[in-house]
Amino acid sequence: MASNAPALLGGACAFIGDSVLGPRQLVQVPGMQYLVFDYLSEMTLSSMARAKTRDPSQGYANDFVDVTLAEILPACAARGIRLIANAGGLNPRACAAAIDALQLKLGTALKVAFVEGDDCLDLMPSLRAEGVADFYTGVPMPEGLDSANAYLGAWPIARALDLGADIVVTGRIVDSATTLGALIHHFGWSASDFDLLAAGSLAGHLLECGAQATGGIHTDWEDVPDWENIGYPVIAFDRDGAFSLTKPDGTGGIVRVSTVAEQVLYEVGDPAAYMLPDVICDFSEVRVAQEGPNRVRVTGARGRMPSDSYKVSATYQDGFRCVAQVSVFGIDAVRKARRTGEALLNRTRTLLQQSGHRDFDKAAVTVIGAEDSYGPHAGEHAELREAVARVAVVHASDAALDMFSRESRAAGVSWAPGSTAGSALTLNGKPAVEPRYRLFTCLLAKTRLAAPCIVVAGRRERVVIPAGSAPGPVSPVHAAAPADPIPRDWIEVPLIRIAHARSGDKGDHSNVAIFARRAELLPYIERSIDERTLGAYLAHLVKGEVRKYGVPGLQALNFVLQHALDGGGPTSLRTDPLGKGMAQMVLGMPVRIPSTLVEPAALISSTFRLPS
């Protein structure tokens with residue numbers, strides 16, 4: 001039965017390694033109705049595929065059952081809180097069975113449902129024969145895929161809840177679908193309620209990353225209190241599509257306009273065309289406003305008909321990788337560390353050749369502490385007395401990398417004074433040789449995938465999915481930059497003085513969203529930072545096109561940096577394969593603005609210069 005009353009939801013988990021703190025907090029929130037959990041990153045299914053190969057009863061997020069539900073399930077049963085999680089991974093059926101087994105131990109009797117139908121590995125040979133290429137790179141589909149899954153939407157979840165499920169477990173879905181499914185069920189929305197579906201998807205987008213909406217990874221990190229007890233997000237969603245985001249009383253963190261705005265654009269490409277299987281969202285005119293202490297009101301999401309395709313994410317193994325680290329102390333630590341990394345790489349290359357192995361397929365020597373990621377913008381570190389040599393290598397043979405791993409320990413006694421070699425886990429251990437997984441992404445017509453199935457208490461039902469249509473072109477939204485010449489009395493300050501920012505990843509691409517601290521500052525930010533200047537500043541990292549999108553509702557610019565992460569995820573050999581540091585680098589860029597617009601504290605000398 002559809003409700004007119006607000007829905008209360010909590011974002012309990014942001015990824016497979018998140019803290020148990022979120023579920024503990026959220027089950028205590030008065031009136032809580034739905035908890036949503038996100039366990040699957042783009043590459044998580046590769047490790048689950050290995051687990052399922054070893055044991056057919058595995059392939060799901062075990063911690064969801066063994067840790068989280070073991071603790072909170074009795075409270076959820078007592079308070080009527082319903083749970084929705086993509087913890088099923090590659091094996092939702094086994095995850096649901098494990099929950100039922102846990103309930104026998106706990107004495108609970110909640111109705112468990114699971115969703116199947118995202119697995120499309122059997123379709124990939126025909127797509128390969130048709131010449132389907134990677135959506136981002138144009139590279140042909142490789143042989144030997146380990147997994148291939150379509151990003152399903154919210155309708156199967158909503159139907160499972162309609163049938164009385166207390167716990168819904170899915171495989172691959174878009175992250176926001178856990179929330180949208182709950183809201184469709186709660187309010188009785190139809191497939192044509194596009195603005196409401198977009199608003200519900202935005203709520204899910206804000207909940208899916210947990211504490212990132214409540215002060216986590218915020219630019220102004222010193223303003224965020226009590227990290228140890230940071231609150232997880234709570235959303236009170238109204239029937240008209242507006243909602244308020246807050247956090248549990250007595251918890252740490254902070255909820256204000258800037259923390260929520262940063263999360264709105266996290267991992268977003270074109271904000272006016274955020275593609276989801278149930279709706280195409282337009283976030284360009286979203287507004288966030290402080291509603292009270294630690295409470296922000298969000299309005300303005302718009303939607304239109306979804307596309308006729310699913311995004312498919314496939315994983316495959318491409319050789320092996322190994323990362324060795326050596327801590328170096330004392331005078332000239334940076335130079336000693338770099339020489340150590342070079343010596344280790346050169347020695348093992350010689351040993352590989354002598355043993356009949358080919359050279360490494362890919363190798364990188366970096367010094368943690370020397371700002372290597374900053375490239376030409378790195379500061380001077382001649383006086384640094386602690387540094388870490390990091391050597392990352394890739395090879396088709398695990399035997400070749402075993403040799404590298406073994407040799408890495410010799411650095412502690414062979415080369416620079418003040419060196420300590422060993423893995424991060426054990427002083428006398430050696431770094432692990434791991435499979436190197438890569439991502440292949442393509443589109444699949446919805447009509448080619450069988451309708452997803454839900455199973456609720458033994459009842460099996462197909463869920464018909466609206467077909468959608470081919471999306472039309474969208475005109476990018478830009479802020480208007482002043483065209484007059486720069487007066488002599490303008491000053492140059494680091495961007496962080498007048499803006500805050502956040503960055504994220506999608507495969508090998510990264511986005512950097514920049515938010516003006518005051519509306520009148522945005523045109524001056526855009527004047528100094530555009531596709532050309534940002535591309536030049538990050539040219540040592542970004543190997544593809546830079547695209548800019550205006551987001552007027554948030555006083556923001558969103559930049560999409562293509563081929564910026566050395567392949568991204570486990571493919572990348574960088575210290576920041578997920579692009580989390582991109583925004584931090586950009587916040588050091590200089591901008592030129594009238595001195596009258598800057599607080600006195602911002603009138604400082606920048607060590608950076610704009611690219612000419």
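Let's start with a pair of charged side chains: Lys362 and Asp566 form a salt bridge, and their closest N and O atoms sit 2.9 Å apart. This pair links distant parts of the chain, since Lys362 belongs to strand β15 (residues 362-368) while Asp566 is in the loop between β25 (556-561) and α15 (582-586), 204 residues apart. Lys362 is partly exposed, with a relative accessible area of 23%, and Asp566 is also partly exposed, at 25%. Keep in mind as you look around that this is a predicted model.

How many salt bridges does the structure hold? There are 30. Another one brings together the side chains of Asp220 and Arg256, at 3.7 Å from N to O. Asp220 lies in the loop between α8 and β7 (234-237), and Arg256 in the loop between β8 and α9, so this pair ties together parts that are 36 residues apart in sequence. Is Asp220 buried or exposed? With a relative accessible area of 17%, Asp220 is buried, because the cut-off for buried is under 20%. Arg256, at 21%, counts as partly exposed. One more salt bridge to find is that of Arg547 with Glu545, where the closest N and O atoms are 3.3 Å apart. Arg547 has a relative accessible area of 35% and Glu545 one of 42%; Arg547 is partly exposed, and so is Glu545. Salt bridges can also share partners, and in this way Asp220, Asp223, Arg256 and Arg517 are joined into one network.

Now for a charged residue without such a partner. Asp175 is buried yet has no salt bridge, and the nearest side chain of opposite charge, Arg172, is 5.2 Å away. A salt bridge needs the nitrogen and oxygen to be within 4 Å. You can find Asp175 in the loop between β6 (167-169) and α7 (177-187). Leaving aside residues up to four places away in sequence, Asp175 touches Asp38, Leu40, Asn86 and Glu208.

In α8, 12 of the 14 residues are buried, among them Leu196, Gly200, His205 and Leu207. From its first C-alpha to its last, α8 reaches 20 Å, close to the 20 Å expected at 1.5 Å a residue. Helix α9 (residues 257-264) is mostly covered too, with 7 of its 8 residues buried. Those buried residues include Ser258, Val260 and Glu262. What do the buried residues of α9 pack against? Their neighbours are α8 (194-207) and the strands β8 (243-246), β11 (287-292), β12 (295-299), β22 (499-506) and β23 (509-516).

What about disulfides? A disulfide is a covalent bond between the sulfur atoms of two cysteines. This structure holds 0 of them. The sulfur of Cys209 is 10 Å from the closest cysteine sulfur, in Cys13, which is too far for a bond. For Cys281, the closest cysteine sulfur is in Cys209, 15 Å away, again too far. Cys209 is buried at 10% relative accessibility, and Cys281 is buried at 0%.

Finally, step back to the whole protein. Its secondary structure comes to 15 helices and 26 strands. The radius of gyration is 25 Å, close to the 25 Å that the globule rule gives for 612 residues, so the protein is as compact as a globular protein of that length. Its C-alpha atoms fill a box of roughly 70 × 65 × 50 Å along the principal axes. Buried residues make up 55% of the 612 residues. Among contacts between residues at least 6 apart in sequence, 75% join residues at least 24 apart.

Technical notes. Residues are numbered from 1 along each chain as its sequence is written. This is a predicted model: local features need pLDDT of at least 70, side-chain atom pairs count only at pLDDT 80 or more; totals for chains, interfaces and linings use all residues. Side-chain values use heavy atoms; hydrogens and water are left out. Buried means under 20% relative accessible area, exposed over 50%, partly exposed in between (1.4 Å probe, protein chains only). Helices (H or I, at least four residues) and strands (E, at least two) are DSSP runs, numbered from the N terminus. Contact means heavy atoms within 4.5 Å. Lys and Arg count as positive and Asp and Glu as negative; His and the chain ends are not counted. A disulfide is a pair of cysteine sulfur atoms within 2.5 Å. The expected span of a helix is 1.5 Å times one less than its number of residues. The radius of gyration is taken over C-alpha atoms; the globule rule is 2.2 Å times the number of residues to the power 0.38.
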